[in-house]
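Okay, everyone, thanks for coming.

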Amino acid sequence: MDFSWSDEQTAFRKEVARFAREELQDDVILRDREQEFFWNGWRKCGRFGIQGLPVPAEFGGSGSDALTTVGALEALGYGCRDNGLLFSLNAHMWGSEIPVLSFGSEAQKRRYLPKLASGEWLGVMAAAELGGGDVFQTRARRSSTGFVLTGSKTFVTQAADAELIVVLADLTAPSGARGTSAFLVEKGTPGLTVTRRLRKMGLRTSPTAELSLADCEVPLENLLGSEWQGGEILKTSMEWESICGLASYIGTMQRLGETSLEYSRERKQFGQPIGKFAAIARKITDMEVRLESSRLLLYKAAWLKSRGEDSSREAAMAKTYLGDSCVQSCLDAIQIHGGYGYMTEYQIERELRDAISARIHLAGLEVPA
Ligand SMILES: Cc1cc2nc3c(=O)[nH]c(=O)nc-3n(C[C@H](O)[C@H](O)[C@H](O)COP(=O)(O)OP(=O)(O)OC[C@H]3O[C@@H](n4cnc5c(N)ncnc54)[C@H](O)[C@@H]3O)c2cc1C
């Protein structure tokens, strides 16, 4: 076993943390209140190479493996407190780039990947539906020139801004055979509309909305993969998201642990630093243990994925444990900071609201037949 990062990985992690600390700071409290996306940060990330992490060099990215990507996203989460920006970056990479990269034709890769890798275009996946259930309610049927999509989608990250949406729909063939297929739907396609912006508890700087597809025609060449390959495409996207999508939360946990330790040394009550009280010291220790065990689980999943081995079991454990750990560490950090922890300006209550999504957005999305 070798738990060390290579020299290149270490240097890259440091560079990402510096970039996040110096370039991705602005008034996130205000944008959280106004539910505004950090466009300037998004563009800076594009120039730095964040959106290009999983995309090979021939399509404008750096072609980083899962472990390097996890290390970079962890550093990004350590330096950047806008979890909504980080969430949108993840939705973009795992919801659009990975599906196009893994299942796209050469022409699709050439058309979409360079724009997605540079951040010029924002891409997402629209899978979730209002009704839930075992089969997608959004339907696709063949037409003389391609496919016609009809239905609606909910909880779509950046739905109003995305230039490219990977839509999952139930395709019925003239023979009666049916199954999930994936379609590349570009912004401005007639019939595609954003019907409602959704307000939410956390990750408020990453806008979420509902979509309607009303007889939305997509050309034949916009079928992603082959007919009925949608389930496999969703599974591949979810595998990447389960591993890399929560890496930034490790950076958050490290930052909160450090801030809490510092505060527990400075804040005095009853004549001594509060860190001397066993109840506070125990919380600091628990935060550190959660951070370290989250790292070990996630690094193992990413290491397996980087070696091309099956990582689904490790990824499932990592995402479950990490989501719970981050929520608990946010609660501990708030408790350690007392009344200040509860106040918006200390920026811990927002971390808690943002972290709760980690227990939800990766849960339950299964692959309909
Ligand atoms: C902030 C945010 C952004 C999102 N962005 C997108 C997006 O861009 N695109 C998109 O398609 N979707 C998106 N989603 C939707 C997300 O993928 C779903 O919310 C998630 O998959 C859970 O599905 P659900 O909401 O239907 O909950 P359900 O599946 O209905 O789950 C309800 C509860 O039941 C539990 N549960 C479900 N199945 C099981 C089971 N088999 N065993 C035990 N417990 C179970 C769940 O854990 C949960 O606690 C987003 C969600 C959030 C919160």
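A pocket here is an open set of points on a 1 Å grid over the protein atoms alone, where a 1.4 Å probe fits, with protein on both sides within 12 Å along at least five of seven lines; lining residues have an atom within 4 Å of a point.

Before I go on: this is a predicted model, where local features need pLDDT of at least 70, side-chain atom pairs count only at pLDDT 80 or more, and totals for chains, interfaces and linings use all residues. Numbering runs from 1 along each chain as its sequence is written, and side-chain values use heavy atoms, leaving out hydrogens and water.

How much space lies in the largest pocket? About 840 Å³, with volume being the space filled by probe spheres set on the points, which are joined across faces, edges and corners. Its lining has 19 nonpolar, nine polar and four charged residues; nonpolar means Ala, Val, Leu, Ile, Met, Phe, Trp, Tyr, Cys and Pro, charged means Asp, Glu, Lys and Arg, and the others, Gly among them, are polar.

The second largest pocket has about 330 Å³. Its lining includes Met-1, Trp-5 and Trp-303, and α9 (residues 278-306) gives the most, four residues. Helices are DSSP runs of H or I, at least four residues, numbered from the N terminus.

Last, after α10 comes Gly-338, with a positive phi near 55°.

Definitions and conventions. Helices (H or I, at least four residues) and strands (E, at least two) are DSSP runs, numbered from the N terminus.
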